[in-house]
Amino acid sequence: MKGKLPAQSSTNLDKTYYFFKYKDINKYGKEEIRENKIYFSTHDQLNDLFEMKSVRRKKETRNWKNSSFKTLEALIEENLNQLEKEALNTGIYSLSRSSKNQVLWSQYANNHKGVCIIYTIDRFNAHNYLWKVNYSKARPEFEVFKKTGANSYAIIQHPHRHKEGYILKSMTTKHTDWSHEREFRIMNIRGRIKSDISIFGLKKTAIIIGCNINEDDKKWIFDNKPIHCCIYQSSICLKSGNLKFKKILSGIKQKPILKRKNLLA
């Protein structure tokens, strides 16, 4: 089944978006296939060294003569350190906008021995829960003070007053080396937990089986997948070198959100 994802339109409130989750057929992969649950990871489980270290204080050249300013400086540094700890303990669930990226299949689906789960989400829930990851070679800066005169400064971004912006910038910036992932994230302040997908408006639509999956795992998926999920088999197109998907099992139809021909990208 060929086709690209539908274009995201800010004017269509009924729009349905497709996101993809690559999984190995292990304990966590099986639970996500069988149940309507997703696992949130914390910083220590992520694989980008740039992760959560993306925001830094902008260097400000100043010579504090007033002791109260020095005290304020120390307090702000303490607040920034506390915000960094909060970001490190926030749960992250990652999704991709691509289902045919062979690097992702190799990296997250055990060298094509795993699966790619297709989720749908409507525009309202996507707007409320999904955050797009930005890719950059440089770490973005968080400016606290701004010079307003020869010897005067003003606080323009107090860490506590801009807490959400600081944490979000920290959690949605990755190095450009990871840009092939086309990643979106769901955040959870409760950290490393298992959560029901319905809370975030996600619906499990289909499962793509990897090219190299073994027969036992394939049989397990057939026996345990949700009844409404279709199953696609991936294979390599020898002519183009790209992945292609063929539907091998239809799910029991539920009330559709929208009729669409183009499901995979």
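A residue is called buried at under 20% relative accessible area, exposed at over 50% and partly exposed in between, using a 1.4 Å probe and protein chains only. The model is predicted: local features need pLDDT of at least 70, side-chain atom pairs count only at pLDDT 80 or more, and totals for chains, interfaces and linings use all residues. Residues are numbered from 1 along each chain as its sequence is written, and side-chain values use heavy atoms, with hydrogens and water left out.

**Aromatic pairs**

- Rings of Phe, Tyr and Trp (its six-membered ring) pair if their centres lie within 6.5 Å; planes under 30 degrees apart count as stacked, over 60 as edge-to-face and the rest as tilted.
- The count under this rule is six aromatic pairs.
- One of them is the edge-to-face pair of Phe19 and Phe184, with 5.2 Å centre to centre and 70° between the planes.
- This pair joins distant parts of the chain, as Phe19 belongs to strand β1 (residues 16-23) and Phe184 to strand β12 (residues 183-188), 165 residues apart; strands (E, at least two residues) and helices (H or I, at least four) are DSSP runs numbered from the N terminus.
- Both Phe19 and Phe184 are buried.
- Phe40 and Tyr93 form a tilted pair, at 6.2 Å centre to centre and 55° between the planes.
- Phe40 and Tyr93 are both buried.
- Ring pairs connect Phe40, Tyr93, Tyr129 and Phe200 in a cluster.

**Charges over rings**

- A charge sits over a ring if NZ of Lys or CZ of Arg is within 6 Å of the ring centre and within 35 degrees of the ring normal.
- Lys21 lies over the face of Tyr93, 4.4 Å from the ring centre.
- Arg97 lies over the face of Phe19, 5.0 Å from the ring centre.

**Cysteines**

- Zero disulfides (pairs of cysteine sulfur atoms within 2.5 Å) are found in the whole structure.
- Cys116 is buried, with a relative accessible area of 0%.
- Cys211 is partly exposed, with a relative accessible area of 30%.

**Second largest pocket**

- On a 1 Å grid over the protein atoms alone, a pocket is an open set of points where a 1.4 Å probe fits, with protein on both sides within 12 Å along at least five of seven lines; lining residues have an atom within 4 Å of a point.
- Of the 29 residues lining the second largest pocket, the closest to its centre are Lys21, Tyr22, Lys23, Ser41 and Tyr108.
- Strand β4 gives the largest share of this lining, five residues.
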